[in-house]
Amino acid sequence: MTPESLVVLTILGGLLGLCVGSFLNVVIYRLPKMMEQDWQLQCAELRGETPSTATPFNLARPRSRCPHCGHSISALENIPLLSYLLILRGKCSACGARISLRYPLVETLTGALSAYAVWHFGPGITAVGAMLLIWALIALTFIDLDTQLLPDSITLPLLWLGLAFNLESTYTDLPSAVIGAMAGYLALWSVFWLFKLATGKEGMGYGDFKLLAALGAWLGWQMLPAIILLSSVVGALAGILLIILARHGRNVPIPFGPYLAAAGLIALFWGKTLTESYLGLVY
């Protein structure tokens with residue numbers, strides 16, 4: 001492939017990422033509410049109550065609206081990034097309320113990482129898989145930041161998808177992927193129970209186990225030490241900064257999923273280089 005063709009594909013990957021990022025904003029906002037609605041329906045059924053026939057609420061319905069005035073977002077107002085910057089200028093066209101920076105941030109991050117995935121891996125199944133992993137990790141990161149939840153509806157398909165891609169050794173061989181899934185889950189599961197037995201408290205959620213298992217399925221067991229180390233260091237530093245600068249209470253839980261996701265992305269792009277460099281220093 002010529003450099004010019006790669007540049008064109010990279011730009012297309014970035015544009016696709018912007019569009020997907022717009023959809024991820026919907027997933028990040030609505031999926032936790034859909035889960036809560038489902039839990040309420042299940043509780044109602046257990047109590048023997050007749051579930052209420054509420055207005056459908058899912059990823060497609062109702063249409064996106066301004067949370068302040070209820071104004072329906074038109075197609076022109078929903079162009080990724082451009083609508084926020086040029087058409088709306090960061091404000092609702094109906095009531096003038098400020099639109100959260102979260103929306104363009106998610107779109108920009110998704111577009112930039114998608115473009116880099118195409119540039120880094122080149123055209124082919126490896127880049128496609130990398131973009132799917134990136135999109136899932138971005139959604140999980142912001143959902144965890146908002147709710148301290150890592151939905152099974154994302155983590156479990158992500159695990160199986162990683163194994164599927166590695167049937168042809170896309171990122172690692174299949175035995176390493178299977179062992180990575182098992183070891184990833186058991187590693188944090190063991191830490192969870194050791195911490196609970198020692199302190200009587202739960203130090204992390206089960207979603208963290210499943211996310212690390214998914215990363216192990218994508219990248220293999222060899223990457224797990226680097227992912228755990230990177231996520232722990234970044235998480236510890238971020239926690240200290242939050243406590244010092246933002247007066248974040250020490251007893252207030254800090255979600256671990258975003259740090260696992262960030263470490264997983266680092267391992268996806270540069271994991272082998274980092275591992276080889278580390279082994280070179282040791283030996």
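α5 and α7 run roughly parallel to each other, the label for angles under 35 degrees, with over 145 counting as roughly antiparallel, 65 to 115 as roughly perpendicular and the rest as oblique. Keep in mind that this is a predicted model, where local features need pLDDT of at least 70, side-chain atom pairs count only at pLDDT 80 or more, and totals for chains, interfaces and linings use all residues. Residues are numbered from 1 along each chain as its sequence is written, and side-chain values use heavy atoms, leaving out hydrogens and water.

**The helix pair**
- The axes of α5 (residues 152-165) and α7 (residues 206-219) cross at roughly 15° and come within 7 Å; axes are lines fitted to C-alpha atoms over the stretch in contact, with angles from 0 to 180 degrees between N-to-C directions.
- On the α5 side, the contact (heavy atoms within 4.5 Å) includes L156, L159 and F165, and on the α7 side it includes L211, A214 and W218.

**T172**
- You'll find T172 in the loop between α5 and α6 (174-199).
- T172 is buried at a relative accessible area of 11% (buried is under 20%, exposed over 50%, partly exposed in between, with a 1.4 Å probe and protein chains only).
- Skipping neighbours within four places in sequence, its contacts include N166, W218 and Q222.

**S231**
- S231 sits in helix α8 (residues 224-245) and is buried, at 1% relative accessibility.
- The S231 side chain reaches the backbone oxygen of I227 at 2.8 Å and that of I228 at 3.0 Å.
- Leaving aside neighbours within four places in sequence, S231 touches F256, Y259, L260 and A263.

Technical notes. Helix = DSSP H or I, 4+ residues; strand = E, 2+ residues; numbered from the N terminus. Polar contact = N/O pair within 3.5 Å; in protein donor to acceptor, adjacent residues only side chain to side chain.
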